[in-house]
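Reader: I have a structure open here and would like to go through it piece by piece. Can we start with the strands?

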Amino acid sequence: MRSVSDQNIAEQVADELRSAIHSGELLPGERLVERKLAERLGVSHIPVREALTRLAQEHLIVREPRRGARVAELTPRDLEEISSLRIVLEQFMALRVQERWTRAAHKRLQGIVDAMDAAAVGDMAEVLAQDRAFHEAIAELSDHRFVMELNAQLRGRIAGFIQAANAALPPQEQAEHVRSHRVILDAIASGDPDAVRAVIAEHVTRAVERISPLAAPAPDETSA
């Protein structure tokens, strides 16, 4: 995380912490000590406290009485609920893109998939950057402001887990991950809405399978 020394400090601190959570720099369950964060970012504790309040409202962190704040963990139920809603939202957005399909949209998504495919074997940082760009492009091309906001919020909740799960993919699975995005592109370009629904559901379901081992036990599981 970079030092912060400009106006709108609380907002900048929130952006820095949000980015660190999404990238996996701050891990699920990791404690967030205001004093240490303030020293690390070069600010006073007041904007840090305000930033933590914002992130708690986004459910990216958890604040507990007398225990401070920590990065939110993901239970199996959280994952199931987020992912089932993601399927609905991403299908909805992809279908809207299909209805509005243009050569420019095709060129944009094709360029992202080609860049993902051109990444060197093992360069998951580049693959994940293009993965994020692909899904963000579909959201933007869907041209639905409120769904875009909700989708960004849901992806934000599991971004760190996606990063961690995909970063360790072996070469053959990296190739398959890239191919799955080309399949989504082809389904949208085909004009067949059923094909879009099927490939999106499969894509999100496979992501859930990779993330599931990283989810925290549900509360009742820990007491068993």
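Author: This is a predicted model. Its open sheet has three strands in the order β1-β3-β2, and the pairing is antiparallel.

Reader: Which strands stand at the edges?

Author: β1 (31-32) and β2 (61-64) do. Each has a single partner strand, so one side of each is left without a neighbour in the sheet.

Reader: How many bridges join β1 to β3?

Author: Two bridges link β1 to β3, which covers residues 68-71, and these strands run antiparallel. Arg31 has Arg70 in β3 as its bridge partner.

Reader: What holds strands of a sheet together in general?

Author: Strands pair through backbone hydrogen bonds, in either a parallel or an antiparallel way.

Reader: Back to this one. Which helix packs on the sheet?

Author: Helix α3, residues 45-57, packs there and touches β1, β2 and β3. The direction of α3 makes about 110 degrees with that of β2.

Reader: How does His59 count in terms of accessibility?

Author: His59 counts as partly exposed because its relative accessibility is 44%, between the cut-offs of 20% for buried and 50% for exposed.

Reader: Where does Asp143 lie?

Author: Asp143 is in the loop between α6 (124-142) and α7 (145-167). Asp143 is not a glycine either, yet has a positive phi of about 55 degrees.

Reader: Is Asp143 buried or exposed?

Author: Exposed: the relative accessible area of Asp143 is 55%, and the cut-off for exposed is over 50%.

Reader: Changing topic. What about Ile188, buried or exposed?

Author: Ile188 is buried, at a relative accessible area of 1%. Its place is in helix α8, residues 171-190.

Reader: Which residues does Ile188 touch?

Author: Leaving out residues up to four places away in sequence, Ile188 touches Ala94, Val97, Gln98, Trp101, Ile138 and Val196.

Reader: How far apart are Ile188 and Val199?

Author: They are eleven residues apart in sequence and 9.6 Å apart in space, C-alpha to C-alpha.

Reader: Last one, the surface. Which residues form a nonpolar patch?

Author: Leu85, Val88 and Leu150 form one, with about 220 Å² of accessible area together. Val88 belongs to helix α4, residues 76-99.

Technical notes:
Residues are numbered from 1 along each chain as its sequence is written. This is a predicted model: local features need pLDDT of at least 70, side-chain atom pairs count only at pLDDT 80 or more; totals for chains, interfaces and linings use all residues. Side-chain values use heavy atoms; hydrogens and water are left out. Two strands pair if DSSP finds at least two bridges between them. Helices (H or I, at least four residues) and strands (E, at least two) are DSSP runs, numbered from the N terminus. Contact means heavy atoms within 4.5 Å. Axes are lines fitted to C-alpha atoms, for helices over the stretch in contact, and angles run from 0 to 180 degrees between N-to-C directions. Patches are made of residues with over 30% relative accessible area and no salt bridge: like charges are joined within 9 Å, nonpolar side chains (Val, Leu, Ile, Met, Phe, Trp, Tyr) within 5 Å. Accessible areas come from the Shrake-Rupley method with a 1.4 Å probe; for residues, only the protein chains shown count as cover. A salt bridge is a side-chain nitrogen of Lys or Arg within 4 Å of a carboxyl oxygen of Asp or Glu. Buried means under 20% relative accessible area, exposed over 50%, partly exposed in between (1.4 Å probe, protein chains only).
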